[in-house]
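Here are a few exercises to work through with the model open beside you. Try each task before you read its solution.

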Amino acid sequence: MAEQNITSNGTTVSTLCKRCCTSPSVINLRTEHLCSDCFDKYIRSKCIKRMEAYRVRYNPPDTDTSPRRLLLPLSFGISSTTLLHLLNSQLQNQLARTTRTGFVLVVVHIDESAIDPTVPPGEKSMRAVQERFPHVGEYLVVKLEGIYEFPSAVKAFEMGVGGSGGGDWEEKLKDLLGALPSSTSRMDVLHILRTRLITGLARKHACEAVLWGDTTTRLAEKTLAETAKGRGFSIPWQTSDGDSPYGLKFLYPLRDLLKKELAVYISLDAPTPLRPLCSGAAEEGEGKKKYAAVGKGITIDELMTQYFEGIEGQYPSIVANVVRTAGKLVTEGGVVRIGRCKICGLPRDGGGGELVLGAGAKSGETSGGGGKEGGDMCYGCARSVYGARPYEWPL
Ligand SMILES: [Zn+2]
Ligand SMILES: [Zn+2]
């Protein structure tokens, strides 16, 4: 495809693939030129390595229990669409080899049209994806306001902001987001609601794990953004494979791949281009810009996205290092010993109590909850929900 524009010196000679030495290169992968076949193998191998636990177990079919159920949140962006494609291949290979599969997927799209009318309803995109991958498991489109089906996930919000009481779920969601003090808070709370809805659905549909599409680049963005938002303490639980604070496993099978690598991958012709299925891809950047336009300036998440997308081309090892370092922060004692934030559900730093209470106390006039409520929130959520003064960026 585009072997020439990979070499930055303007030459138009096609570079040969370093691995097979026969086909032209389509990507310069961390200094190694690869053709589309070898690049495809590379991408698959990275994902399969992370899915080791879900190989088919070789016990006789009659003693076999039902396959393990895994939830895959699909935004129609590049990463989650690629992940679905790779898992579909893995399932097809398992079927071909053993006539059984090691897992089935529950593919869920969260429809956010209630809070952003420009977002196309998910059903049509979901049908296209389902036609392409008909045998991976179940497909669901769930509205974001469906979060109110899970009272434990929203109870804390109702006490903190907005009134409690009954009412229309869509209106309640709009009231909640409208009451937040800044675009950073809105994006932050939106992210929390999305995560809590997805984990609620995973439990409801008997899934043992959630498979997130996050790349190395995305995990690095998240690491620094959460630190900047005052949730640094919880980063190991937001970026590592394994038990999450939500009572099921979180896995990141694309954690060894860069976002720019997936951007090339979805445009390859072989086997069939994935790009047409990525209806959310164009909005990934624009959607975030739109949120920024609502409030003033740029949100912390946007800043981090721009930063890492800017450096991943030239300095992929820095991006990988941020994630690797975050992975080493796991503390002894686990989640049980430390308190959990009632808003985001993540472990919170007991040592930050004064900050939490301080931020909560400011809410006295604006919410019935008052400072006492702030005590069981992490600093990041207290600031998002009660509108404690945000940092001026850059620091
Ligand atoms: Zn090759
Ligand atoms: Zn929190």
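Buried means under 20% relative accessible area, exposed over 50%, and partly exposed in between (1.4 Å probe, protein chains only). This is a predicted model, where local features need pLDDT of at least 70 and side-chain atom pairs count only at pLDDT 80 or more, while totals for chains, interfaces and linings use all residues. Residues are numbered from 1 along each chain as its sequence is written, chains are lettered from A and ligands numbered from 1 in the order in which they are written, and side-chain values use heavy atoms, with hydrogens and water left out.

**Exercise 1.** Examine the salt bridge between Asp111 and Lys143.

*Solution.* 
- Start with the distance: N to O is 3.7 Å, and a salt bridge needs a side-chain nitrogen of Lys or Arg within 4 Å of a carboxyl oxygen of Asp or Glu.
- Strands (E, at least two residues) and helices (H or I, at least four) are DSSP runs, numbered from the N terminus.
- Finally, check accessibility: Asp111 is buried at 2%, whereas Lys143 is partly exposed at 43%.

**Exercise 2.** Find how Asp256 and Arg50 are linked.

*Solution.* 
- They form a salt bridge, with the closest N and O atoms 3.0 Å apart.
- Asp256 sits in the loop between strand E8 (249-251) and helix H9 (259-265), and Arg50 in helix H1 (residues 36-50), so the bridge ties together parts 206 residues apart in sequence.
- Asp256 is buried at 16%; Arg50, at 31%, is partly exposed.
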